[in-house]
Amino acid sequence: MFEVGSFRSHDCHGVSRRALLKFGAALPLVSASGDLSAAEPAAAAGAARSVILLWLWGGPSHLDTFDPKPDAPQEIRGPFSTLSTRTPGLRVTELFPRLAARSDRFSIIRSHRNHTSVHRVAGSIALSGGKGAAGNSDYGPTVGSIVQRHRGGDGALPQFVSITPGPLKTALGSVEGSGGGRWGRAYDPVSVRCSDTGAVDIPSLRLLEGLQLERLADRRLLLGLLDRTTALANDAKSAAWSDSFARAYRLLTSVEGRRVFDLTRERPEVRGRYGSSVFGQGCLLARRLVEAEVPFVQVNWSQYVENIYGTRTDFGWDTHWLNFEHMADRHGPILDRAVSALLDDLADRGLLEQTLVVAIGEFGRTPKISGNAGRDHWPAVYSSLWAGGGVIPGQVLGQSDERAYAPVTEPITPEMVVTTILQQAGVDTESRAELRVFEEGRVIDGLVS
Amino acid sequence: MVLLVAMVSGTLAARPPHRLTSDGRNKRDPVYIDSGRRIIYTVQSDAPRLVLMSLDRKTQESRRFAPQATLPELKAVFSRDARDGRSSAWLRMTGNDQVALLVRAKPGASERKIKTAKSVAWSPSLTPDGRHVVFNLAGQLVVHELSTGKNRDLAKSSGRNDWPAVSPDGRRVAFGSSRSGDVELYVVDFGGGNLRRLTHRKGLDMRPAWSSDGRRLAFTSVRAGNYEISVMSVGGAVAGEPVNVSRDAERDDFAAWHPGGRRLLWVAERGGRQDLLEAEVPVDGGEGKGGGGVQRD
């Protein structure tokens, strides 16, 4: 079952929110001409047909995840023991047994460095690869937006999908550099919500609520709706929104679009491997999207960086308080299960070699445990996980000092991260020059074959 | 010994753990109340993100424990296992990095916020008489006297101290501490003396829960990354060897004893879905006799 408007796919318990439109097998498809037509996307030139960016919003502690320091003083190392892995020289904390057991499928970078400790700025820089042209604003397009533009497809499925509880935010406001940036909102991702039960929701289709099924299939009506929306607020913002709406509409009115977003098509045991969490089910949806050849999928761990935030609580990685409690209670087990399941699933389906998986946040957290028994922001060094898509697995690249305060090897910058993702996704030097992005960018040494 | 093991193992095999919920959503902190007739637990929700649920053990129906709550609430604890006269405490996520510890002196009474110097109290445990609440504040244990509002430290040390659990007689507090480097279980007199280390194993030992007779502790032990429920005797001068009573490759966490002392309740992840599981535990579980089909850990 698949519904639209306030739509959601049925979860495995048959729970469904009220919906005004129901798609059936007989739904007429949108015409293949005009603004909503389908076209073949450009072929990918790099090793990665698709990219899955697992965005760990809020800044995970590098010490409590992939760069533990068991010999450091207690006020630095924290309470967690470490596990050996299948990778020589790699130990992870005891919260990641599944990843430890399959470390031959990924590599870890331990020497990232960002330019700032402010979430909104650091997040924008990490996702777009550079500082804003006007200080902390006017960012370039994010890596997903660049891949989207490069591939340029106009088929049923969008080129850049963000699986997210909502637009990236902090308590202080929205994150500017999380979409098309100065290229405009036409290059923003199609945002999709996925609940812990696997229910899927596309917010940009809320406008369709109240329409009858036959009218939804009437393309003239849709175009009229878009015109009306644009007329209501005749500015670039609404025009971009209309474009986003059109992409989302195209997605839903295609057979493929309906199929790919319906997680009930997965066997229960497959869904279970990812765990009953927003992030876990989002990872499963990401796998379905790359299976359908969507070039770039970003899975946001949370909407807000904050770990605890009243009604907006969705357990981001910003663990100034309760760092160790939340690491042991939910962040560690959820991340371990979801990423392990994703890597296994991609490998089992023969997709891992052509899918680049990157798990990273905007920065790390203070090595010294704070007076609040948490860890604060630390952009000087942090870690990430890379797999598939041409990544040489089973490696540890870069090194932090003995107390995880700074890299002792060359720092890996956001620019290098974005350049490497672009390169693997087929946006090579020549393409970057054409797009005027990262023309001088460097690929991370030794990470990819 | 072989006969004993076989007998108790046979009992366990005949009565596999019983699943009490089926929604599969993330859960935590279950606890029995009303002489075991009801279970209060925390479950992931859409809005608010965490809600307290009340499960009727007989009908197996769950409903919101505090349906009027609009902010995330979790970790409800109760002073004694009785329908009337019990105190309760719980946590409410009120704002940005703000968690309020709230106490209700008796059912129907107004809630009272415990004031602390820092804004995030965690892991509350009430004394049986409802006069004190012990909690983790910034990684150290605090005893708060409800009538005076006074706080005192308990078993303060380097490292972190968390998950305090006041014994049924109110004389001891079990807790987890990283003072030795690894997180181990300790017990200390309520007044702060007679600190004893209970576990000596690599990996997290956390969330101790007392049996109603005060002779055993159930707790979460993380071994090679796997969360399991262990039980150990703490009735004698020397603590018994912990035994693994959950024995599953997936996560088992947040144990609570039935007031009768023969059943354990915990959050079990099976096939990626988290539900409440209840199982009988052999009377000698954790006594160091090696019985019960349990696995030495």
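Trainee: Which residue is the bridge partner of B:Val133 in E12(B)?

Mentor: B:His144 is the partner. Before we go on, this is a predicted model: local features need pLDDT of at least 70, side-chain atom pairs count only at pLDDT 80 or more, and totals for chains, interfaces and linings use all residues. Residues are numbered from 1 along each chain as its sequence is written, while chains are lettered from A and ligands numbered from 1 in the order in which they are written.

Trainee: How many bridges join strand E11 to strand E12 of chain B?

Mentor: Strands (E, at least two residues) and helices (H or I, at least four) are DSSP runs, numbered from the N terminus. Two strands pair if DSSP finds at least two bridges between them. Here, six bridges join E11 (residues 132-137) to E12 (residues 140-145) of chain B, and the two run antiparallel.

Trainee: What order do the strands of that open sheet have?

Mentor: In chain B the order of the four strands is E10-E11-E12-E13, with antiparallel pairing. E10 (121-126) and E13 (151-154) of chain B stand at the edges with a single partner strand each, so one side of each has no neighbour in the sheet.

Trainee: Now helices. At roughly what angle do the axes of H4 and H12 of chain A cross?

Mentor: Axes are lines fitted to C-alpha atoms, for helices over the stretch in contact, and angles run from 0 to 180 degrees between N-to-C directions. Angles under 35 degrees count as roughly parallel, over 145 as roughly antiparallel, 65 to 115 as roughly perpendicular and the rest as oblique. The axes of H4 (residues 143-151) and H12 (residues 414-424) of chain A come within 10 Å and cross at roughly 25 degrees, and therefore H4(A) and H12(A) are roughly parallel to each other.

Trainee: Which residues make the contact?

Mentor: Contact means C-beta atoms, placed from the backbone, within 7 Å. H4(A) brings A:Val143, A:Ile146 and A:Val147, and H12(A) brings A:Val418, A:Ile421 and A:Leu422.

Trainee: And A:Asp67, does it count as buried or exposed?

Mentor: A residue is buried if 20 or more other C-beta atoms lie within 10 Å of its own, exposed if 12 or fewer, and partly exposed in between. A:Asp67 has 26 such neighbours inside 10 Å, so A:Asp67 counts as buried. A:Asp67 is found in the loop between strand E3 (50-55) and helix H1 (74-77) of chain A. Leaving out residues up to four places away in sequence, A:Asp67 touches A:His62, A:Arg110, A:Ser383, A:Ser400 and A:Ala404.

How values were computed. Two residues are in contact if their C-beta atoms, placed from the backbone, lie within 7 Å.
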